[in-house]
Amino acid sequence: MASLIFSLLARLPLGLLQACGVVAGWLTYALSPTYRRRLRSNLEQALGPDQAARLWKQAVGEIGKQALELPWMLLRPQSDLVARVVRVSGWEHVEAAEAAGGGILFITPHLGCFEITAQFFSTHKPITVLYRAPKKAVLQPVINAGRSRGNMHIAPADVGGVRRLIKALRAREAVGMLPDQVPGSGEGAWLPFFGRPAYTMTLAARLSEVAGVTTIFAWAERLPGGAGFHLHLRPALVPLEGDTEARAAAINREMEAQIRENPAQYLWGYNRYKRPSGAPAAPANLPPQAPTRPDTP
């Protein structure tokens, strides 16, 4: 039944699907007190009460759009997806990375239409993306098929999947991942995210240490009225350096900078600050944070 619903939704025009997503977003907000509290709390934590008060209504609709776009992204031909990327900023960073001869690590937060970033690049060259199995097992065949077609390959979030990612980077291919997901116990570290300790995935930081790898931060801005997407690509504002934990903290800061570019399109309803079962308690005090942007004279 779920597969049939996905198939029917994928046939709708993208603009209509996004409009339905706004309705779905508000229904979810209205029916779930826990979701309401989390969305408002996360927004205020990141942006402060004044900006959160201005943005929360827009965020509710954008999160709904994000959810209902998924069938369209997974089941439509890739040519349809690529045609919806109407603007690309920063492609020269991809070209420079390819000229350097190493692999590329694409880092994308749950911002805008995160599904389309790897889909778009896969029409250019091979890319392997990290994925976690969906909570509803019935959706797994659909999601797997949508994310493993053409030059796009998937790697599960386990030891074997990590080996695949490293192998792809060493083969001078690309890897894509969303590091703002809460990892399992033993797979992360408590690091600042918008000023609050968040159990943070360290895998992206480890992959950035692979010899010759260029890290590029990517996100696809959802344009109004179903007009398509604007793909943004850039290197780190501050070079990723130091040990794995230092790099993971720097990646959090870089994602914060991305999110601030269009905060209404971030997935604020996600339980980003939860403590995974078996993980150590969050620290009482945050370590000092380096600036996201380099100081200017």
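This is a predicted model: local features need pLDDT of at least 70, side-chain atom pairs count only at pLDDT 80 or more; totals for chains, interfaces and linings use all residues.
Student: What is the order of the strands in the open sheet?

Tutor: Two strands pair if DSSP finds at least two bridges between them. Here, seven strands line up as S1-S9-S8-S2-S5-S3-S4, with mixed pairing. S1 (85–89) and S4 (152–156) stand at the edges with a single partner strand each, so one side of each has no neighbour in the sheet.

Student: How many bridges join S2 to S5?

Tutor: Four, and the two strands, residues 104–107 and 174–177, run parallel. For one of the residue pairs, look at Leu 105, whose bridge partner in S5 is Val 175.

Student: Which helix packs on the sheet, touching S3?

Tutor: Contact means heavy atoms within 4.5 Å. Helix H7 (residues 115–122) packs there, touching strands including S1, S2 and S3. For angles, axes are lines fitted to C-alpha atoms, for helices over the stretch in contact, and values run from 0 to 180 degrees between N-to-C directions. H7 makes about 155° with S3.

Student: Now the charges: how many salt bridges are found in the whole structure?

Tutor: A salt bridge is a side-chain nitrogen of Lys or Arg within 4 Å of a carboxyl oxygen of Asp or Glu. The search finds nine. In one of them, Lys 125 meets Glu 98 at 3.9 Å, N to O. Lys 125 sits in the loop between H7 and S3 and Glu 98 in helix H6, so the pair ties together parts 27 residues apart in sequence.

Student: Is Glu 256 buried or exposed?

Tutor: Buried means under 20% relative accessible area, exposed over 50%, and partly exposed in between (1.4 Å probe, protein chains only). Glu 256 is buried, at 5%. Its salt-bridge partner is Arg 260, with the closest N and O atoms 3.8 Å apart, and Arg 260 is partly exposed at 45%. Both lie in helix H11, four residues apart, about one turn of the helix.

Student: Which residues are linked in a network of salt bridges?

Tutor: Glu 62, Lys 65, Glu 69 and Arg 222.

Conventions:
Residues are numbered from 1 along each chain as its sequence is written. Side-chain values use heavy atoms; hydrogens and water are left out.
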